[in-house]
Amino acid sequence: MSNSRKPRRDFIKLSAMTLGGVGAASLLIPFISSMNPGKDTLALASTEIDLSPLEEGQSLTVIWRGKPVFIKHRTKSEIDTAKNTSLDELPDAEEDSARVQKDNWLVVLGVCTHLGCVPLGQKASDTKGDYGGWFCPCHGSHYDTSGRIRKGPAPTNLPVPPYVFLTDNRIKIG
Amino acid sequence: MSSDQLQGYKKTLNSPYTGIKGWIDSRLPLIRMMEAEYLKFPVPKSLNYFWSFGGIAMFCLIGLILTGIFLGFHYKPSAEDAFDSVERIMRDVSFGWLIRYLHANLVSFFFIATFIHIFRALYFGSYKAPRELVYIFGLTMFMLMMATAFLGYTLPWGQMSYWGATVITNLFSAIPVVGDAILQLLLGDFTVGDSAVNRFYVLHWLLAFAIVGLVVFHVITLHMTGSNNPTGSEPQSWDETVSFHPYVTIKDLNAALFFFIIMAFILFYYPNILGHSDNYIKANPMITPAHIVPEWYFLPFYAILRAIPDKLGGVIAMFSSILALGLLPWLDTSKVRSCLFRPIWRYCVLLFAVNFLVLMYVGGKPAEDIYVLISRIGTAYWFLFIFVLAPLVGFLETPRQPLTITNYLQSKKA
């Protein structure tokens with residue numbers, strides 16, 4: 001008798017345990033999900049900036065999602081250097097035109113793609129690295145005038161945040 | 001039903017004690033257990049002072065938890081208040097400076113004791129069968145300790161706290177595809193901020209008590225096999241053992257006394273020497289300090305991280321450097337435990353210790369050519385030691401016949 005009943009009992013045990021296991025595991029979802037950024041944090045996710053005070057050659061750092069965003073009013077020579085760089089020289093090949101909406105305005109996240117330090121180069125007195133853009137003091141990454149990685153441990157270019165020009169002199173990031 | 005038929009149904013209520021002690025012990029057999037495991041517990045009589053550092057580490061842990069509780073009464077875990085509440089502890093809270101300096105310096109001495117404790121395990125072969133689990137619980141605690149120390153260091157919310165937290169949490173962004181999502185999940189924000197300091201504070205407590213829990217497992221597994229000793233030979237008779245109390249308790253207290261005198265010297269005369277002055281500047285998410293250096297006890301692992309030119313590769317190397325040590329009980333092919341009787345392996349282990357200190361030194365230096373080169377050599381030796389030397393030396397060397405505990409003690413006297 002016990003032999004004929006055993007597989008049936010096993011089946012019931014197994015399905016009950018599976019169902020219970022799936023149920024217990026799905027209970028994890030709300031808890032893990034609660035650790036993500038909350039709605040209030042996400043609500044701060046866009047910033048508007050007036051660009052008119054920025055002269056050519058000047059830079060501005062604004063905060064978006066708690067991170068610095070570099071806005072650079074590029075000079076003619078900076079634009080030309082960025083445009084004339086051959087893609088072969090770039091570890092993370094990307095055209096300058098793919099990184100800007102208007103040639104004279106470069107908007108990038110000011111967070112080194114290596115381990116998250118803020119690169120130097122925003123102030124006139126800062127070192128700008130070997131490629132005239134930014135230099136990260138933590139582990140020595142050099143970025144060019146398009147915010148592209150040229151030398152050092154950082155794996156990718158400074159990311160371009162989503163932004164739109166509201167007017168000629170006003171942008172909204174996020 | 002006779003009591004014979006129910007044998008084994010209930011634990012015996014008979015206690016070796018009488019009176020109140022017996023009443024409690026027959027219901028909660030803790031007194032019996034503590035007596036067997038601590039007072040009358042036999043240990044090899046050849047233990048040297050290296051064997052005191054486990055107990056010293058435990059004293060450090062207790063001290064950290066006690067001081068931590070009192071700091072917690074005043075600390076406020078938010079980006080807005082954290083730095084100021086720590087400054088208030090330092091300036092306004094009665095004896096706050098003492099409690100905080102104790103907490104900060106005890107961590108360093110906890111790591112010193114633990115490093116020596118791990119070296120002891122490697123040199124005298126305590127990791128080898130049958131003590132593999134003792135060793136693995138130990139390494140697990142070591143990793144939790146590093147996590148707890150890192151979390152704790154972020155709490156004062158100074159510049160080093162903030163940027164240390166940024167750099168270390170960014171290690172997770174090295175994970176392909178899901179890295180950034182995991183980072184956001186860990187931080188509860190897009191950057192290290194208010195949300196992070198709040199949960200780091202909770203996790204700092206949680207992991208501290210997880211370590212306490214693991215201490216229990218570490219000790220249970222140790223007490224199943226008994227302590228190793230300098231000879232690596234198991235005791236052959238009761239004559240070769242002494243009772244834990246009073247012999248080892250007194251010896252450990254003596255060692256702890258010297259150890260904590262040194263700590264007190266640092267604590268009272270150079271309380272900030274093991275820290276970084278930049279951490280007395282409030283966290284500024286817009287400015288990265290020129291030289292980010294982790295706490296001194298992370299430097300060897302930081303050197304391994306920086307030795308690998310690839311971001312993901314560096315992270316993998318750093319984590320696997322400790323995980324790989326956990327394989328040592330199975331990779332070491334020698335039948336002899338103690339380095340006293342292993343002519344070649346002994347120098348491999350000593351070199352491993354020196355290499356650890358060299359890595360610590362270069363980890364604190366800027367990532368420039370010569371230091372990167374040294375850290376690469378050091379990293380290479382770390383893994384060579386575990387994966388090549390441990391199996392190979394076991395085959396190649398001819399160990400001496402290990403002395404028994406009695407003969408060892410006689411030879412030391414002679």
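Colleague: How many helices and strands does the secondary structure of chain A have?

Modeller: This is a predicted model, in which local features need pLDDT of at least 70, side-chain atom pairs count only at pLDDT 80 or more, and totals for chains, interfaces and linings use all residues. Residues are numbered from 1 along each chain as its sequence is written, while chains are lettered from A and ligands numbered from 1 in the order in which they are written. Helices (H or I, at least four residues) and strands (E, at least two) are DSSP runs, numbered from the N terminus. Chain A has four helices and nine strands, in the order α-α-α-β-β-β-α-β-β-β-β-β-β.

Colleague: Why is chain A described as more spread out than a compact globule?

Modeller: The radius of gyration is taken over C-alpha atoms, and the globule rule is 2.2 Å times the number of residues to the power 0.38. For the 174 residues of chain A the rule gives 16 Å, and the radius of gyration of 25 Å is well over that, so chain A is more spread out than a compact globule. Its C-alpha trace spans about 90 × 35 × 25 Å along the principal axes.

Colleague: Which strand of chain A is joined to β2 by six bridges?

Modeller: Two strands pair if DSSP finds at least two bridges between them. In chain A, β2 (residues 59-64) runs antiparallel to β3 (residues 67-73), with six bridges joining them. A:Trp64 has A:Lys67 of β3(A) as its bridge partner. The two strands form a hairpin with two residues between them, and A:Arg65 in the turn has a positive phi of about 55 degrees.

Colleague: How many residues of helix α11 of chain B are buried?

Modeller: A residue is buried if 20 or more other C-beta atoms, placed from the backbone, lie within 10 Å of its own. Nine of the nine residues of α11(B) (residues 299-307) are buried, so the helix is largely enclosed by the rest of the structure. Among them are B:Phe301, B:Tyr302 and B:Arg306. The cover over these buried residues includes α12 (311-325), α14 (345-363) and α15 (369-396) of chain B.

Colleague: Which domains does the assignment give for chain B?

Modeller: Domain bounds come from an automatic or database domain assignment. Chain B has domain 1 (43-290) and domain 2 (293-325 + 334-398). Their contact takes 23 residues from domain 1 of chain B and 19 residues from domain 2 of chain B, two residues being in contact if their C-beta atoms, placed from the backbone, lie within 7 Å.

Terms used
A residue is buried if 20 or more other C-beta atoms lie within 10 Å of its own, exposed if 12 or fewer, and partly exposed in between; C-beta atoms are placed from the backbone.
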